[in-house]
Amino acid sequence: MSAPLVLGIETSCDETGVALARGEELLVDAVASSMDEHARYGGIIPEVASRAHLEAMVPTIRRALAEADVDLGEVDAIAVTAGPGLVGPLTIGAAAAKALAVGLGVPLYGVNHVIGHAAVDELVHGPFPDRVMALVVSGGHSSLLMVDDIVTGVTELGSTLDDAAGEAFDKVGRLLGLPYPGGPHIDRLAREGDREAIRFPRGLTAPKDQAKHAYDFSFSGLKTAVARWVEARQDAGQEIPVADVAASFAYSVADVLTAKTIAACRRHGVETLVIGGGFSANSQLRDLAAERCAEAGIELRIPPIRYCTDNGAMIAAVGAAAVRRGLAPSDLDLAVDSSMPL
Ligand code: KG4
Ligand code: ZN
């Protein structure tokens, strides 16, 4: 008998993601994005995103089924993002998932989005070893997770106290006059600059912060430092060396993320690191993580970028793992939680 077929639905932000996984095999991953509608506002507009999910949901489900050549009636379980994320968008996904679960008479699993960003790597690179470290970095989250079991054994060692890594890039992008989202533009500029040109601060690495915040991140002080540095230059009528600013800023972020993550791996004897979330596209982070993991003898796993940005496969991955473990499904009155803890 083949493994149960799980349909995963993701709607926590601007991507409508629908995927089908059979056991540990990903059959299809269909995504529709409303980013183009938000770009001109310089940020995600929740109501615009909700409306886009409502319009894209059924066509995206149909597309996934057609591409996998699967009938809806063959689906054995539904998994849906229950949080964290934007309440309106989450509600649209949850409503669709509940309707499918009731209509098909199959179990429903509410999934934590941040765990999904780590779990998707199991569909891409195979089952995790006993213990892995996962760094989940995007426009909405920066979390360091220790994973003993992807459904029942995830411990958050640290997270950002203020801005997420991608959010900090987007804010610095705005102050450098770059289009939204600024992250990829800073990445590109940084490759042409000197990362040692300006010594920007490393958040929460001072000895006084280490006891309480050994694995937490903070990027808002860094963002302010960049703003002050740029303003001082502008006030003095000097040109801004944009590539050097981008490179020095990006290096500060990548330095702190990788240093803290590798320290956590060492402290907990973890030999495999998974990086997920849309910010894992960042080349400064990728390069430094590869370099420092090689030095530390840690295996580095980063899924292809389409599985790092928000998608349905990450949710199907957690749902499939829950089904495999025989875990109880969620109640049909499952609520969404914009700040859902792990
Ligand atoms: O996961 P994602 O697509 O959406 C969220 O859940 O947030 O992540 C998007 C974030 C944005 O802040 C974007 O600027 C940032 O990731 N980002 C990057 C790069 N590619 C995407 N930041 C820096 N360098 C990149 N190459
Ligand atoms: Zn995400």
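**Notes on the fold**

1. Among contacts in the protein chain between residues at least 6 apart in sequence, 76% join residues at least 24 apart. Two residues are in contact if their C-beta atoms, placed from the backbone, lie within 7 Å. This is a predicted model, in which local features need pLDDT of at least 70 and side-chain atom pairs count only at pLDDT 80 or more, while totals for chains, interfaces and linings use all residues. Residues are numbered from 1 along each chain as its sequence is written, and chains are lettered from A and ligands numbered from 1 in the order in which they are written.

2. Overall dimensions come next. For 342 residues a compact globule would have a radius of gyration near 20 Å, and the protein chain agrees with this at 20 Å. The radius is taken over C-alpha atoms, and the globule rule is 2.2 Å times the number of residues to the power 0.38. The C-alpha trace spans about 65 × 45 × 30 Å along its principal axes. Of the 342 residues, 54% count as buried. Buried means that 20 or more other C-beta atoms lie within 10 Å of the residue's own, exposed means 12 or fewer, and partly exposed is in between, with C-beta atoms placed from the backbone.

3. The protein chain has 11 helices and 10 strands. Helices (H or I, at least four residues) and strands (E, at least two) are DSSP runs, numbered from the N terminus. The UniProt annotation "domain: Gcp-like", from an unreviewed entry, covers residues 26-316. UniProt positions are given in the numbering used here, feature names are shortened, and annotations may be inferred rather than shown by experiment. In the model, residues 26-316 are 50% helix and 17% strand, and the end C-alpha atoms of this span lie 8 Å apart.

4. What is the strand order in the open sheet of 5 strands? The order is S3-S2-S1-S4-S5, with mixed pairing. Strands S3 (25-33) and S5 (108-112) each have a single partner strand and stand at the edges, so one side of each is left without a neighbour in the sheet. The twist averages 20° from one strand to the next. Two strands pair if DSSP finds at least two bridges between them.

5. S4 (residues 77-83) runs parallel to S5, and 5 bridges join the two. Ala79 stands opposite Tyr109 in S5, and Val80 has Gly110 as its bridge partner in S5. S1 and S4 also run parallel and are joined by 4 bridges, with Ala77 in S4 as the bridge partner of Val6. Because 7 of the 7 residues of S4 are buried, the strand is largely enclosed by the rest of the structure.

6. Helix H3 (residues 87-104) lies across S1 (5-10), S4 and S5, at about 160° to S4. Helix H11 (residues 313-324) lies across S1, S2 (15-22), S3, S4 and S5, at about 140° to S1. Axes are lines fitted to C-alpha atoms, for helices over the stretch in contact, and angles run from 0 to 180 degrees between N-to-C directions. S4, H3 and S5 make a right-handed β-α-β unit, right-handed meaning that, with the strands pointing away from the viewer, the path from the first strand over the helix to the second runs clockwise.

7. Strand S6 (residues 132-137) is mostly covered, with 6 of its 6 residues buried. Val132, Ala134 and Val136 point one way from S6, and Met133, Leu135 and Val137 the other way. S6 pairs antiparallel with S7 (residues 142-149) over 6 bridges, and a hairpin of 4 residues joins them. Leu144 in S7 is the bridge partner of Leu135. S6 also pairs in the parallel sense with S9 (residues 272-276) over 4 bridges, where Leu273 is the bridge partner of Met133.

8. Most residues other than glycine have a negative phi, and most peptide bonds are trans. The peptide bond from Gly83 to Pro84 is cis, with omega near -10°, and Pro84 sits in the loop between S4 and H3. Tyr180 and Pro181 are also joined by a cis peptide bond, with omega about -10°. Asp69 has a positive phi near 55° and is exposed, with 8 other C-beta atoms within 10 Å. Leu204 has a positive phi near 55°, and with 22 C-beta neighbours inside 10 Å Leu204 counts as buried.
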